[in-house]
Amino acid sequence: MPQHALAARIGRVGVWHGGLGRVPAAVARQAAAEIEQLGYGALWFGETPATESMSQAALLLAATERITVATGIANIWVRDASATHTAAQTLAEAYDGRFLLGLGASHAPIVGARGHTFAKPLAAMREYLAAMDAAPYAGPVADPPPARVLAALGPKMLELARDRTAGAHPYFVTPEHTARAREILGTGPLLAPEQAVLLESDPATARSLAREHHTRLYLQLPNYTGNLRRLGFGDEDFADGGSDRLVDAIVAWGDADTIRRRVQEHHDAGADHVAVQPLATDRGLGLEQLRELAPVLVES
């Protein structure tokens, strides 16, 4: 699928949701259907110990009719390239091209827990893409074939995304990173960053919730802190769940219009699509935030 067609298919704003694999399937199906009804263009989800990405994608695709379902990301250490290639072809053909394959090299602690060695992730991704391209497949072929994007943060992975895939899906980033990513990708490839959001206007409350439900976890992963260092953050910003400056840069908090402006900053910096992640601070799914945000984020 040409990159411009992919951007048109998924629209300017989608949803990134990490909780759909931690609830019963019936609840996940209902949530996916509502996100589609609200008008968001894509539904992204992560792969965790609670979520196998290909079966989860099938569940969400079966529960919806129009929205694109995207892995954000499918971990390349979880299944071999041939299995991923077959699964992507199967899902894209079965659901009218609504499946988008996001691939990532994951993180050392996660990879190590699976019994693998996290070494040279760029080379591992390059080899994985080549193996996917060479993998045999005898089933029905989707038309257009399933697109794939990479969870790219650094310059070399962004270059690989530009040269070998339809684009990039950066996570835990700022509009400044989006601008740098667009410069590396050029004008053609899809750029679809994730943006955490929180409808809370009290600064102390918002930052506390953001640390508890988002930044504290991800600041334990060197891939993310390394990327933030390239953006001018340092050790003092990574302590205790993140400095105010870092939390404010990573999590868009405030009223709906404040969040709309942050999403627009990503678009102004070169994003084709922004996947908003509602921070579910009540152990729910954050659907109430998506309902409130839809009127200002979703194109009519």
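Contact here means heavy atoms within 4.5 Å. The model is predicted. Points for review follow.

1. **His267.** This residue sits in helix α13, which spans residues 256-269. His267 touches Arg12, Val13, Asp272, His273 and Val274, leaving aside residues up to four places away in sequence. Is His267 buried or exposed? Its relative accessibility is 10%. The cut-off for buried is under 20%, so His267 counts as buried.

2. **Helices α3 and α4.** Two packed helices are described by the angle between their axes and the distance between the axes. Helix α3 covers residues 53-62 and helix α4 covers residues 81-94. Their packing angle is about 5 degrees, and the axes lie 11 Å apart. Angles under 35 degrees count as roughly parallel, so α3 and α4 are roughly parallel to each other. On the α3 side, the contact is made by Met54, Ala57, Ala58 and Leu61. On the α4 side, Thr84, Ala87 and Leu91 take part. By class, this contact has six nonpolar residues, one polar and no charged.

3. **Cavities.** The structure holds two cavities of 30 Å³ or more. Which residues line the second largest cavity? The lining consists of His17, Gly18, Gly19, Leu20, Gly21, Phe45, Gly46, Thr48, Thr51 and Gln56. Eight of these lining residues class as polar, two as nonpolar and none as charged.

4. **Cis peptide bonds.** Most residues other than glycine have a negative phi, and most peptide bonds are trans. The bond from Gly72 to Ile73 is cis, with omega near 15 degrees. Ile73 is in the loop between β3 (68-71) and β4 (74-75). A cis bond also joins Asp143 and Pro144, with omega about 5 degrees. Pro144 is in the loop between α6 (121-134) and β6 (148-150).

5. **Positive phi at Asp96.** Phi of Asp96 is near 55 degrees, a positive value in a residue other than glycine. Asp96 lies in the loop between α4 and β5 (99-104). Its relative accessible area is 64%. Exposed means over 50%, so Asp96 is exposed.

6. **Positive phi at Asp240.** Phi of Asp240 is near 55 degrees, again positive in a residue other than glycine. Where is Asp240 placed? Asp240 is in the loop between α11 (235-238) and α12 (244-250). Asp240 has 66% relative accessibility and therefore counts as exposed.

Note on methods
Residues are numbered from 1 along each chain as its sequence is written. This is a predicted model: local features need pLDDT of at least 70, side-chain atom pairs count only at pLDDT 80 or more; totals for chains, interfaces and linings use all residues. Side-chain values use heavy atoms; hydrogens and water are left out. Helices (H or I, at least four residues) and strands (E, at least two) are DSSP runs, numbered from the N terminus. Buried means under 20% relative accessible area, exposed over 50%, partly exposed in between (1.4 Å probe, protein chains only). On a 1 Å grid over the protein atoms alone, a cavity is a set of points where a 1.4 Å probe fits but cannot get out, and a pocket is an open set with protein on both sides within 12 Å along at least five of seven lines; lining residues have an atom within 4 Å of a point. Grid points are joined across faces, edges and corners, and a volume is the space filled by probe spheres set on the points. Ala, Val, Leu, Ile, Met, Phe, Trp, Tyr, Cys and Pro count as nonpolar, Asp, Glu, Lys and Arg as charged, and the others, Gly among them, as polar. Axes are lines fitted to C-alpha atoms, for helices over the stretch in contact, and angles run from 0 to 180 degrees between N-to-C directions. Angles under 35 degrees count as roughly parallel, over 145 as roughly antiparallel, 65 to 115 as roughly perpendicular and the rest as oblique.
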